[in-house]
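User: I have a structure open and a few things to ask about it. Can we go through them one at a time?

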Amino acid sequence: MSTASSLITKVYLEERIKLLEDEVFELLKAYNIPTAPYAVARSIDEVPLMAEKVGFPLVIKIISPDIIHKTDVGGVRLDIWSKQEALKAAEEITEKVRASNPQARINGFLLQPMMPKGVEIIIGGLHDPVFGSVVMFGAGGIFVEVFKDVSFRVAPLTIDEALEMIDEIKTSAILKGYRAQPPVNKYSIAEIIVAIGKMLNEHPEIESMDLNPVFAYPDKAYVIDGRIILRKPGVHHKS
């Protein structure tokens with residue numbers, strides 16, 4: 001059984017449909033999709049050690065099967081510069097999450113270095129009852145909400161088709177460089193899009209996925225955060 005299949009089976013065996021934050025990254029890595037580096041602290045006590053391992057400044061995010069939008073419940077802290085700050089942040093995150101959702105299970109904390117600001121994009125996908133595996137690409141950051149500037153393709157797709165998707169969005173000029181911002185590596189973005197299409201085709205259990213933000217740089221693109229939801233057991237889709 002592949003790493004991806006084992007991971008999805010594990011989620012179902014635990015009677016969940018939402019992948020945990022670290023499981024999302026594991027699944028992406030199984031498809032050679034570049035992600036921001038990360039470490040997992042399974043308890044508050046482990047946070048200082050993992051913080052030292054990741055390096056500063058860093059970000060701490062709650063890992064919970066019961067929380068969909070981490071920022072809405074105070075489950076994310078940015079710009080942490082020391083082990084002491086990291087420990088305090090983990091304690092405060094726990095308090096805020098408990099206040100917002102007392103029943104929420106807390107499985108630990110995801111620690112990531114603060115990545116340099118790149119051009120923000122969003123890559124996602126879903127299983128459509130008619131079309132099967134569908135991949136989405138769009139502008140990230142404020143553009144997601146303001147312009148809903150996205151393009152879609154049915155998977156599987158080629159690198160050339162992925163590059164066409166990238167050029168289709170209205171704000172694609174931003175990727176070609178503007179002001180002091182150099183052009184980003186569109187081929188690296190296209191590789192992620194193709195890999196997501198492959199993942200969706202090979203795993204119809206995935207209901208939807210949302211990689212946001214993905215930071216695009218002149219050399220490469222990296223997934224910074226993501227959400228993957230599996231279909232409920234017994235629900236079948238066209239693959």
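User: Where does Phe 131 sit?
Analyst: This is a predicted model. In it, Phe 131 lies in the loop between β5 (119-128) and β6 (132-139).

User: Buried or exposed?
Analyst: Phe 131 has a relative accessible area of 54%, so it counts as exposed, the cut-off being over 50%.

User: Which residues form a nonpolar patch with it?
Analyst: Val 130 and Val 154. Together with Phe 131 they have about 290 Å² of accessible area on the surface.

User: Switching to helices. How do α3 and α4 pack?
Analyst: Helix α3 covers residues 47-54 and helix α4 residues 83-100. Their axes are 9 Å apart, at an angle of about 130°. That angle lies between 115 and 145, so the two are oblique to each other. The crossing of α3 past α4 is right-handed.

User: Which salt bridge links those two helices?
Analyst: Glu 52 pairs with Lys 83, with 3.7 Å between the closest N and O atoms. Glu 52 is in α3 and Lys 83 in α4, 31 residues apart. Lys 83 is partly exposed, at 32% relative accessible area.

User: And what about α6 and α7, what is the angle there?
Analyst: Roughly 115°, with the axes coming within 8 Å. Here α6 is residues 159-168 and α7 is residues 186-202. They are therefore roughly perpendicular to each other. α6 also passes α7 in a right-handed crossing.

User: Which side chains meet in a salt bridge there?
Analyst: Asp 167 and Lys 186, at 2.7 Å from N to O.

User: What does Glu 164 pair with?
Analyst: Arg 153, in a salt bridge with the closest N and O atoms 3.4 Å apart. Glu 164 belongs to α6, while Arg 153 is in strand β7 (residues 150-154), 11 residues away.

User: Is Arg 153 buried or exposed?
Analyst: Its relative accessibility is 18%, which is under 20%, so Arg 153 counts as buried. Glu 164 is partly exposed, at 43%.

User: How many salt bridges does the structure hold?
Analyst: The count is 20.

Notes: Residues numbered from 1 in each chain as written. Predicted model: local features only at pLDDT ≥ 70, side-chain atom pairs only at ≥ 80, totals over all residues. Heavy atoms only, no water. Patch = residues over 30% accessible without salt bridge, like charges linked within 9 Å, V, L, I, M, F, W, Y side chains within 5 Å. Areas by Shrake-Rupley, 256 points an atom, 1.4 Å probe, with all protein chains shown as cover. Salt bridge = Lys/Arg side-chain N within 4 Å of Asp/Glu carboxyl O. Helix = DSSP H or I, 4+ residues; strand = E, 2+ residues; numbered from the N terminus. Buried < 20%, exposed > 50% of the residue type's maximum accessible area, 1.4 Å probe, protein only. Axes fitted to C-alpha atoms, helices over the stretch in contact; angles between N-to-C directions. Parallel < 35°, antiparallel > 145°, perpendicular 65-115°, else oblique. Left-handed = near helix turned anticlockwise from the far one by under 90°.
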